[in-house]
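Please read the following chain alongside its coordinates.

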Amino acid sequence: MAEVKKIATREGYGAALVELGKAHDNVVVLDADLAGATKTSVFQKAFPDRHFDFGIAEANMICAAAGMATTGLVPFAASFAMFAAGRAYEQVRNSVGYPHLNVKIGATHGGISVGEDGASHQCCEDFALMRSIPGMVVMSPADEVEARAMVKAAYEHDGPVYMRFGRSAVPVIHEEGTPFAIGKGEILRDGTDVAIIANGLLVYEAVVAAEELAARGINAMVINMATIKPLDEELVLAAARKCGRIITCEEHSIIGGLGEAVCSLLSEKLPTPVRRIGVNDVFGHSGPAAALLKEFGLSAEHIAEVAVEFCK
Amino acid sequence: MDKKQLQITACKVRMGILTGTHSAKAGHPGGSLSAADLFTYLYFQELNVDPANPKWEDRDRFVLSKGHTAPGLYAALAHRGFFPVEDLTTLRHIDSYLQGHPNMNSVPGVDMSTGSLGQGISCAVGMAMGLKHQGKSARVYTLLGDGEIQEGQVWEACMAASHYKLDNLVVIVDNNGLQIDGDVAKVMSPYPIADKLEAFGFHTIAIDGHDFDQMEQAFAEARTVKGKPTAIVMKTVKGKGVSFMENNAGWHGKAPNDAEYAQAMDEIQAVLAGLEG
């Protein structure tokens with residue numbers, strides 16, 4: 001594959017917020033002392049009177065976002081995934097989810113690719129936590145282009161949304177202007193032997209793996225499943241029907257994320273063999289993101305290995 | 001509404017609390033009764049609300065951060081005309097909109113869903129920020145328990161209220177001195193409450209939470225405060241108005257049985273008769 005441009009999805013989050021801020025007066029952004037890291041600082045710079053820092057107090061920030069939403073504002077609350085979904089879980093559940101308020105949570109630094117900060121900051125449980133809240137939309141973009149489209153779709157959606165963005169630069173695989181719809185998966189490559197359903201930075205890895213698999217005579221379908229909840233059930237079932245084998249890939253624990261969502265659906269509606277690629281119920285550790293992704297099997301090579309074994 | 005009318009209404013609110021929890025065979029009468037006078041004052045004197053249009057965007061907001069005392073809030077809302085008083089008997093029933101803890105989407109007049117302690121004040125902070133940001137003059141009131149302020153999030157919220165100079169926010173603490181496990185001072189002392197709030201940047205006012213004159217002065221004073229939020233720490237009696245419930249932590253989360261209900265209603269009825277006499 002040709003050399004591709006790499007940008008972190010969190011950059012797309014910040015950029016899209018600025019665009020939204022220009023178009024809509026009711027967009028406000030909340031931070032918990034991480035505006036620089038979450039990339040919301042670009043919004044802060046453009047709209048200082050619409051940016052509110054809450055200091056290192058995520059629980060208060062999430063509930064304050066809920067309160068703001070009741071006054072007609074559309075708050076985007078930002079923090080690291082570990083704190084937005086983890087520390088403030090109960091605040092999201094009770095003050096945002098239960099009243100179904102129009103709060104958007106933009107969580108950056110999700111997954112193992114946080115890198116050097118180590119396990120305390122490598123949140124691989126956020127999809128599981130957020131998926132378990134009724135009415136919550138849970139998404140994670142494959143690249144910066146999709147991240148921007150996702151943030152705009154989140155604004156248009158009436159209700160709570162959780163978006164997970166990454167720290168590390170990842171290849172841009174979407175053309176500018178590629179349509180995005182909440183709850184709709186995207187077939188990036190058609191195939192018949194195995195369907196690889198991925199999200200986040202694993203989408204690019206899945207595309208690379210599929211090319212390698214093609215060279216080895218395995219025709220893999222690749223689906224970008226940016227929305228984990230609500231899951232595009234129709235597309236998963238169609239892929240299962242067509243390929244008969246599913247591999248899920250996510251930068252998340254194999255417990256509670258995309259893999260489990262796909263398995264839950266298939267086990268009830270169309271039992272199909274599945275292999276889940278994700279973080280195997282272990283904590284991460286410090287190291288360069290690329291090395292960690294390789295070590296934890298979140299790579300094109302590992303996806304290809306699993307697929308070859310699976311298709312024997 | 002004059003003071004006597006407020007006292008009469010407070011009796012009706014107390015009877016609503018007893019009727020609701022008795023019918024539910026569950027609920028929290030103690031802390032509802034300690035705040036009954038406050039609920040009455042807010043909904044019949046202080047808050048700019050419209051029962052015919054509960055979602056009116058310029059209304060004042062009230063967030064019951066100590067959400068377990070929903071029976072008191074519901075009784076005040078019902079008597080204020082947000083929904084039928086008869087419905088109070090459906091409290092906590094399986095087919096009722098009167099949930100055990102306040103639900104903003106099912107109960108007319110409830111401005112925020114609460115129940116998990118420590119969160120309501122943060123939501124109130126967000127409301128006050130949102131209203132201020134949009135140039136609205138509406139005010140936000142929130143009621144916390146003295147046990148509730150043991151939650152760390154309360155102090156995060158207080159920091160933010162002061163930082164953002166929320167002079168449209170009034171934080172009220174119901175200092176009835178008791179929580180589930182007993183005396184708040186013995187379980188985990190929150191004292192000195194007013195000093196702490198003052199240190200966090202609040203204009204603080206201490207009152208007797210069963211004295212409508214003091215309430216009137218405090219809320220009037222709060223309206224004059226600029227550039228900082230106001231905290232009203234009100235000393236109250238848990239279970240106020242029912243002799244056997246007063247100052248008894250056992251009535252935090254227990255409903256009266258038939259005999260207890262009859263006696264409690266008789267006691268309030270006697271006070272009401274005296275006032276109306």
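Into which domains is chain A divided? There are two: domain 1 (6–171) and domain 2 (186–310), with bounds that come from an automatic or database domain assignment. The model is predicted, so local features need pLDDT of at least 70 and side-chain atom pairs count only at pLDDT 80 or more, while totals for chains, interfaces and linings use all residues. Residues are numbered from 1 along each chain as its sequence is written, and chains are lettered from A and ligands numbered from 1 in the order in which they are written.

The centres of domain 1 and domain 2 of chain A, taken over C-alpha atoms, are separated by 25 Å. Their contact takes 27 residues from domain 1 of chain A and 30 residues from domain 2 of chain A; two residues are in contact if their C-beta atoms, placed from the backbone, lie within 7 Å. On the domain 1 side, the elements that give two or more residues are α7 (126–131), β6, α8 and β8 (169–171) of chain A. Helices (H or I, at least four residues) and strands (E, at least two) are DSSP runs, numbered from the N terminus.

An open sheet of seven strands in chain A has the order β3-β2-β4-β5-β7-β6-β12, with mixed pairing. Strands pair if DSSP finds at least two bridges between them. β3 (51–53) and β12 (227–229) of chain A are the edge strands, each pairing on one side only. Strand β2 (residues 27–31) of chain A runs parallel to β3(A) and is joined to it by three bridges, with A:V29 opposite A:H51. Helix α8 (residues 144–156) of chain A lies across β2, β4 (74–80), β5 (104–108), β6 (137–139) and β7 (161–164) of chain A.

Strand β11 (residues 220–224) of chain A pairs with two further strands. Strand β9 (residues 186–189) of chain A is antiparallel to β11(A) and joined to it by three bridges, and A:E186 has A:N224 as its bridge partner. Strand β10 (residues 194–198) of chain A is parallel to β11(A), over five bridges, and here A:A198 stands opposite A:N224.

Why is β11(A) largely enclosed by the rest of the structure? Five of its five residues are buried, where buried means that 20 or more other C-beta atoms, placed from the backbone, lie within 10 Å of a residue's own. A:A220, A:V222 and A:N224 point one way from β11(A), and A:M221 and A:I223 the other way. In a regular strand the side chains alternate between the two faces of the sheet.

How values were computed
Axes fitted to C-alpha atoms, helices over the stretch in contact; angles between N-to-C directions. Buried ≥ 20, exposed ≤ 12 C-beta atoms within 10 Å, placed from the backbone.
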